[in-house]
Amino acid sequence: MKPIAKLALTYLLCAFSSGSAAGQVETKSFKTESVDDLIIYTAKKIITMESALPEATAVAVANGRIVSVGSLESLSSWTDQKDARIDRRFEGKIIMPGFIDPHVHPSLPAVLTQFSFIAPDDWSLPTGEFPGAKTPEAYLKRLKQLVAEHNDESVPFIAWGYHPLWHGELFRDELTALFPGQPVMLWHRSFHEIVANDAALEMLHIKQADLAGNPLTDWAKGHFYENGMYALIPKMPFLFDPTRFGSGMQNFIQMVHQGGVTTALDMGTGVFGNPDAEIDLIRHTVETLQAPARLILTPIITDFMGRGVSIEDALVQVDKWRAQNSHRVMFDRRFKLMIDGAIYSGLAQFKFPGYIDGHQGVWMVPAEVSQQWAQAFWDAGYQIHAHTNGDGSAEVLIDLLKTLQKNTPKSDHRLALEHFAYTTEDQNRQLAELGAVVSANPYYHYMLSDMYSEQWLGADRGSQMVRLGSLERLGMPFAFHSDSPMAPLQPLTLVSAAVNRVTINGNLAGANERVSLHAGLRAITIDAAWVMGWEDEIGSIRAGKKADFTILEADPYEAGPGGVKDIKVWGTVFEGLPAPL
C-alpha cells in the first residue's frame with residue numbers, strides 16, 4: 001500500500017486500540033446470556049441437514065456445542081441425569097444449522113457503506129434502503145438528486161453500483177459536463193473500477209504523471225480499474241477515517257447477522273495492502289462487539305506480490321498471523337489465487353469464441369507464477385482457493401490442479417474454484433474427477449445473464465452462467481457465497497437465485513441448470529462446511545458440533561422455490577447463545 005493509505009489505516013487501528021475520541025464508535029455487544037448448564041431449545045421444526053435424522057423438535061446444548069438432538073422425550077436420558085433448562089422461545093419457529101458464507105470481504109462493505117448505493121439491483125442495508133436503477137434515465141435522475149444533497153465538502157460525492165451496461169457510458173467528460181464544479185466519483189458495481197470527473201481528480205491532487213507506467217488506468221476517461229486502482233486509493237485517506245471505517249465495519253457485522261450467517265470466510269485478507277492493520281481492526285471490532293459469528297481469514301497471492309513478499313516469507317507471515325488467532329477471528333490453512341478479472345467488468349477470460357465485441361479479459365497473475373505459489377502452499381498443507389470466472393481461466397485452473405497432483409498427489413485436497421461464473425460441462429466433469437469443489441455465486445446469473453447474452457457472450461453461453469445443475473447431476477460438492485458486496489449477504493437470496501434461475505429482468509434462463517431446493521439449502525449449510533473443510537465442526541445439527549443455528553420464521557421446504565427468499569430471519573444462536581436481530 002502507498003504511504004498515505006497505509007498511514008490512514010494504521011492511524012485507524014491505533015485510534016481504536018487507544019480508545020481515543022477520534023476513533024471511538026458507539027458499539028453494542030451482542031452477548032445477552034451465558035451457557036453454563038444444559039439448555040434445551042424447542043422449536044416447531046429443526047432441520048438438521050443430517051440424513052440419518054433430518055428433522056427434530058428439540059436440541060440440547062452446553063459449553064457452546066450440541067449435546068443431543070431429537071424430541072423432548074428422546075432427550076430425557078440427558079434431562080433425567082443432568083440439570084437442564086428448557087427454553088421455548090423458538091417453539092413457533094424453524095431452526096436450521098447456522099448459515100455459512102464461504103466468500104466475503106469485510107473491508108469492502110466497511111468502505112462502500114460509507115456512501116450511497118445506486119446499482120441496477122435493490123439493496124437493503126443497515127444504512128438504509130437503496131432501490132435499483134436499471135436504465136440510464138433512472139440512474140441519472142437518482143445521481144443528480146444525491147449529488148445535490150451532498151453537503152460534505154471535505155470528501156467527493158461517491159456512489160457505488162454504476163455499470164455501463166445498464167447506465168450508459170459515464171466517464172470523465174460526461175461526469176464533468178453534468179457536475180462541472182462538484183467532485184463526483186462513481187464506484188463500479190464490480191468494486192474493481194472507479195470513474196472520476198475533473199473536479200474529483202483536482203480535489204485528490206491526481207495528475208497524469210502519477211499514472212505513468214500503469215496500463216490499467218485511463219487518464220482521458222478518468223478511469224481506474226483492477227490494479228490501476230492502486231494509483232487512486234492512496235489519494236483517498238478519508239476512506240479510512242476512524243469513525244467512518246469503524247462504522248462501516250460494524251455495518252458489515254450487522255449484514256452478517258441479518259443474513260443469519262454464523263460463519264463467514266474472508267476470501268482475501270489485505271485487499272488494501274496493509275494486512276496486519278486490517279487483521280487487527282477486524283479482530284478488534286468483531287471481538288469487542290462479541291459478534292454472533294466467526295470470521296476465518298484467507299491470505300491472498302496479490303497482497304504478497306504487491307508488497308514484494310517472497311513465497312518463503314509469505315509462509316512465515318501466515319504462521320505468525322495464525323499464532324494470533326482469537327475466539328471469533330482466525331486463520332486456518334488456506335490460500336487464495338487470482339486467475340482472471342472481474343465478471344461484472346467483463347474482464348473474465350473466455351475461450352473461443354470469446355466476447356462478441358472482441359474485447360479481451362485480464363489475467364491477474366501469470367499462470368506460471370500462480371503455479372509456483374500454489375505448489376508451495378499445497379506442499380505446506382494448505383487448501384487452495386482460486387478466483388476463477390471464465391472458461392479460459394477454468395482451463396488454467398484445471399491444468400494447475402493436474403500439475404499439483406502430478407508433483408504431490410493428495411486424495412482429499414478440495415481445491416476450490418471460487419465464483420464459477422462460466423464453465424463448460426466438460427470442465428465440470430474434469431473438476432469432479434480431479435476432486436475439486438466449487439464455491440459459486442448464483443447471483444451472477446440473476447444479475448448478468450441477460451446482459452451477457454445480449455452484448456458479450458450470446459444467448460447460449462449467457463444463459464448457462466453459473467452452471468450449478470451440472471454440478472448437482474455430477475454429485476460434486478458446491479457452496480453458495482455472496483462475495484459481499486457482489487451479492488447481498490443473504491444466503492436465502494442466493495438459494496432463490498440458484499433454484500429459480502430467474503434474472504433481474506424476470507426471464508427464466510438456463511432452466512436445466514436449476515438446482516433442487518434441498519441442494520440449495522445444503523449449499524449454505526453442510527456442503528458449504530465441506531467446501532471449506534469445517535464439516536466436523538459446523539453445517540449440520542448433530543451431537544458434538546458447535547451450537548450454531550439460524551432461526552427462521554417459516555420452513556423453507558414449505559415456502560418452496562418461489563418463497564424461500566422472503567423468509568424472515570429471527571436471528572441466530574451462536575455457540576449456544578441466542579442473538580435476536
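Which side chain is joined to that of R294 by a polar contact of 2.7 Å? In this predicted model, the partner is the side chain of T263.

R294 belongs to strand β15, which covers residues 294-299. Its relative accessible area is 2%, so R294 is buried, the cut-off for that class being under 20%. Besides the contact with T263, the R294 side chain has a polar contact of 3.0 Å with the side chain of E575. When neighbours within four places in sequence are set aside, the residues in contact with R294 include T262, T263 and A264.

| Helix pair | Angle | Distance between axes |
|---|---|---|
| α8 (residues 242-258) and α9 (residues 275-289) | about 60° | 10 Å |
| α13 and α14 (residues 425-433) | about 25° | 11 Å |

How do α8 and α9 lie to each other, oblique or roughly parallel? With an angle of about 60°, α8 and α9 are oblique to each other. Their crossing is right-handed. On the α8 side, the contact is made by F245, M249, Q250 and I253. On the α9 side, L281, I282, T285, V286 and L289 take part. Sorted by class, the contact of α8 with α9 has seven nonpolar and two polar residues, with no charged ones.

The helices α13 and α14 pack at an angle of about 25°. Because angles under 35 degrees count as roughly parallel, α13 is roughly parallel to α14. The crossing of α13 past α14 is left-handed. From α13, the residues D391, A394, E395, I398 and K402 meet Q427, Q430 and L431 of α14. In this contact of α13 with α14, three residues are nonpolar, two are polar and three are charged.

**Backbone features in loops**

Most residues other than glycine have a negative phi, and most peptide bonds are trans. The following places depart from one or other of these patterns.

Which peptide bond is cis with omega near 10°? That bond runs from F352 to P353. P353 sits in the loop between β17 (334-338) and α12 (367-379). Another cis peptide bond leads from S484 to P485, and its omega is near 20°. The loop that holds P485 lies between β21 (478-480) and α18 (491-500).

R414 is not a glycine, yet its phi is positive, at about 55°. This residue is in the loop between α13 (391-407) and β19 (416-419). R414 has a relative accessible area of 8% and is therefore buried.

V466 also has a positive phi, near 55°, in a residue other than glycine. Its loop lies between α16 (459-462) and α17 (468-474). Is V466 buried or exposed? V466 is buried, because its relative accessible area is 1%, which falls in the class defined as under 20%.

Definitions and conventions. Residues are numbered from 1 along each chain as its sequence is written. This is a predicted model: local features need pLDDT of at least 70, side-chain atom pairs count only at pLDDT 80 or more; totals for chains, interfaces and linings use all residues. Side-chain values use heavy atoms; hydrogens and water are left out. Helices (H or I, at least four residues) and strands (E, at least two) are DSSP runs, numbered from the N terminus. Buried means under 20% relative accessible area, exposed over 50%, partly exposed in between (1.4 Å probe, protein chains only). A polar contact is a pair of N or O atoms within 3.5 Å; within protein, one must be able to donate a hydrogen and the other to accept it, and residues adjacent in sequence count only if both atoms are side-chain atoms. Contact means heavy atoms within 4.5 Å. Axes are lines fitted to C-alpha atoms, for helices over the stretch in contact, and angles run from 0 to 180 degrees between N-to-C directions. Angles under 35 degrees count as roughly parallel, over 145 as roughly antiparallel, 65 to 115 as roughly perpendicular and the rest as oblique. A crossing is left-handed if the near helix is turned anticlockwise from the far one by less than a right angle, and right-handed if clockwise. Ala, Val, Leu, Ile, Met, Phe, Trp, Tyr, Cys and Pro count as nonpolar, Asp, Glu, Lys and Arg as charged, and the others, Gly among them, as polar.
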